[in-house]
Amino acid sequence: MKRNKTMALVLAGVMAASALAGCGSKGVTAETSKAGTSGKTEESSAAGEKTVDLEVWYTNTGFLEVKKDGPLYNFYKDMFGVGIVSPYVEWNGGTTYQEQLNLKIAAGEAPDMFMPVNGMEADLVKNGALLDLTDLLPEKAPHLWETVPKEVWDVIRSYDPSGQGRIYMIPSVFDYPLMSAIIRQDWLDKLNLSMPETQEDFLNVLRAFKTQDPNGNGLADEIPTGGRQEARWMDYLFAMYGISMWEGFPQWDIYNGELTYSAVTPNMKDALLFIRDLYKEGLIDPETLLNDKAGWEGKINSDKVGIYYHWAQATYEYATSLESATGVRAEWAVMPPISAPGYEGFYTEKKIKGIQWVLKNTDDQEKIDAAMKVLDAYGNKDLWQKFFLGVEGEHSKMVDGKLMKLPEDKKTMENLVLQPGKDISTIDSITQLLESVKTDETAWSIDQSIANVQKMPNYGKLIAGDGMPNSVYEGYADIMNRTLYVEYASKIITGEYPIEKFDEFVQKWNASGGEAVTKAAREWYEKTQK
Amino acid sequence: MTESIKDKAFQGAITFILCILGIIALIPLLTVIARSFSSKAAADMNIINLWPVGFTLASWKYILSDPGLWKAFFISLSTTIIGTVLALAVTSLMAYPLSKSNFKLGQILMLYVIMTMIFKAPVVPYFLTVKGMGLFNNPLVLILPHILSAYNLAIMRTFFKQFPAEVEEAAMIDGCGYFQMLYKIVIPSSKAVLTTVGLFYAVTMWNQFQHPIMFIQKTGLFPLQLKIRQLINGGSDFANIAAVANVNYTESTLSAATVVFAIIPIIAIYPWLQKYFAKGAMLGSVKG
């Protein structure tokens, strides 16, 4: 009896083992056969040139990997004659991706072209792991060289640790201010209010939103404005006092003639006082410092919030979610920056979003030429729409003779690793991208976004700290993580600390490394001014 | 048995506290299950608590129709089953001799085993070693590194040590060798420890994450946990220009559904295996 049982178990194991072996060799299933390819595949390689393949690593939030001879591989090959292969690497907010990259680099198998994260490029340059692009770009990738503004290349030069101004990285660039306060224009219209221009107007608008029931449901459930935990995503309230801030992280700009961290300026003290008063009067969401992304966006999408702060070009996402959730068609409009008395308000503009690509240092001339071909196509504005629309049948579809982008489907779409229209964005490229996702049903919300993004260049101020490398924080991780700032700001806003504690914060910040970091930052700034 | 009021009250209090803890542990699970059955609107408005809002099967339909998910499930299932059987075989083969006090080498070997439990290898050398064994992108990497766990080995060894010597001596007199003893006598009477250790191994292999992340890059070979990771993403703040889809699911409902999908097998198996934790398997085997 017992023998039968054990035999059965062993046989089951053998059965499973053979099935596993068969399963391993089955390979990819229906995924690659679904999409229509762009026609000529083998012919281009028969032209005598052997296609060089480059392994590219990029953020992948769940899409399929790009395999050799798959639809996207062939699509790219037809566009610029180089094969792109991109494995699926777990992103996990960048941490797993970074681990994987480091392991591969340690094993001597770094990918040919990859997106670095968390400042890892600084060490890689020092160790000679990255390709020197300074002479290659103007000669072999002229489109990219011209498209990225010269000021940005100068900042990239300042990242060279040897101080020789060599270029090792390709930046991602925004040619216009990205984020602003977004206000419910339809609420303003309903309450007969005009777009606020002074801080007084602004307070009146907030109070009206709170008390006059603009969402019309008979309940006093409106939240005039708010943000998220760590006092983030309400930058515009700080911006009224001339504070440069990016997604809630204080930035470096010129204050009193010197490059200074905006969190330790007198501007910040007044800003915190203002926000504290808003909090006391109930004009900002009492749960602001507790909201996570889902929580805050849930309130926005429930037709409860009057003003939020986020990307001007993305208002259509919020508008569509709001409509599908509540049936209300909201009108989200950019609110121009307001100046508090005695200050000049603006929306922070940074041209450098981050480092987009670095190339592995190699002597293989074929690979270098192939990479340059890729980068040249990447910088060629005429091709950007094509990059965005991807493979016809997989990422996009013909509708009434026009190629339209399909909604994201992670089951069937390969990761679009080359998206220059988004990485090097201009107002025109973004408008084009928005137009290509517009359908009759979504036209109302997308037109709002187009109008919003086109207003943005008027409201931005390019800050001096644009492109500052994280190496200035070396040795002072706490200053980089702004833990002290978050603690003091939160407690002052809720009223737990009196405003006088702000001076204590500045002292502590300076003593715990702020002074050293400021010195390093000012040295870096000098270099970019040359 | 008579229990005093004090005992009863004590029992009652303990039961009450454990019930509360159980409910607290259950709440997140209920929220996730509720979210997997909720509509896009409800997820966007963030109003889902313990019960589905806007009940819909859209998220489940989406994930269950993904052939990649089933393949990953099958890979996880088969590697867990094969791995557990292999692990039990290897572990018991090692635990048995180490449990014999007259095996002098056993002391030293046990010391080596405990040392590996205490000192872990750093990531990069480990990666290079395993890769050097040819296990990169190889499904065997889901099995081989786990087939011997020092902790489980210690459990088995202790159990075998407590195996009554009289039974073994009786068998030896009848002409039984060590292998036969292990196979015919010790193992059949060790159901309790085999099930326990087997369960530990099975759960480890089912849930394994570090090894697949480091060593498997072909998406076709992903085990279930990695496949789930592909579908779960916190939603970063890049605003993507993407076409709006007319579907009744969002990232959060899809990830909730996948998480529940991954938990179901374990929850299903556990109660069924409870009955194998038979106490007193040893009683009655020694006659006289």
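The pLDDT is the predictor's confidence in each residue, on a scale from 0 to 100. In this predicted model, the mean pLDDT is lowest among the elements of chain B in helix α12 (residues 224–231), at 80, and highest in helix α1 (residues 5–36) of chain B, at 93. For the complex, the predictor reports an ipTM of 0.74 and a pTM of 0.80.

**Confidence in chain B**

- Taken as a whole, chain B has a mean pLDDT of 84, with 91% of its residues at 70 or more.
- The pLDDT falls below 50 over residues 277–288 of chain B, although this stretch still has 15 contacts in the model beyond near neighbours in sequence.

**Contact between the chains**

- Chain A brings 51 residues to the contact and chain B brings 40 residues.
- On the side of chain B that touches chain A, at least two residues come from each of α2 (40–45), α4 (67–99), α6 (123–132), α11 and α12 of chain B, and α4(B) gives the most, with 7 residues.
- Sorted by class, this side of chain B consists of 24 nonpolar, 10 polar and 6 charged residues.

**B:His211 and its surroundings**

- Once neighbours within four places in sequence are set aside, the contacts of B:His211 are B:Val141, B:Leu142 and B:Pro145.
- B:Gly177 is 34 residues from B:His211 in sequence, and the two are 39 Å apart in space, C-alpha to C-alpha.

**The six-stranded sheet of chain A**

- Chain A contains an open sheet of 6 strands with mixed pairing, in the order β2-β1-β3-β14-β4-β17.
- The edges of this sheet are β2 (83–85) and β17 (424–425) of chain A, each of which has a single partner strand, so one side of each is left without a neighbour in the sheet.
- Strand β1 (residues 53–57) of chain A pairs with β2(A) in the parallel sense over 3 bridges, and within this pairing A:Asp53 stands opposite A:Gly83 in β2(A).
- Helix α16 (residues 365–378) of chain A packs on the sheet, where it touches β1, β3 (113–114), β4 (169–174) and β14 (352–359) of chain A, and its direction makes about 60° with that of β1(A).

**A hairpin in chain A**

- Strands β15 (residues 396–399) and β16 (residues 402–405) of chain A run antiparallel and are joined by 4 bridges, with A:Ser396 opposite A:Lys405 in β16(A).
- The two strands β15(A) and β16(A) form a hairpin with 2 residues between them, and in the turn A:Asp400 has a positive phi of about 55°.

**Nonpolar cores**

- The largest nonpolar core has 143 residues, of which A:Ile84 and A:Ile182 touch the most other members, while α16(A) supplies the largest share of this core, 7 residues.
- Leaving aside neighbours within four places in sequence, A:Ile182 is in contact with A:Ile307, A:Tyr308, A:Tyr309, A:His310, A:Thr315, A:Trp332, A:Val334 and A:Met335.
- Another core, of 40 residues, lies apart from the largest one and includes B:Val85, B:Tyr201, B:Ile228 and B:Leu254.

Methods:
Residues numbered from 1 in each chain as written. Chains lettered and ligands numbered in written order. Predicted model: local features only at pLDDT ≥ 70, side-chain atom pairs only at ≥ 80, totals over all residues. Contact = placed C-beta atoms within 7 Å. Pairing = 2+ DSSP bridges. Nonpolar A, V, L, I, M, F, W, Y, C, P; charged D, E, K, R; others polar. Axes fitted to C-alpha atoms, helices over the stretch in contact; angles between N-to-C directions. Core = buried A, V, L, I, M, F, W, Y, C linked by C-beta atoms within 7 Å. Buried ≥ 20, exposed ≤ 12 C-beta atoms within 10 Å, placed from the backbone.
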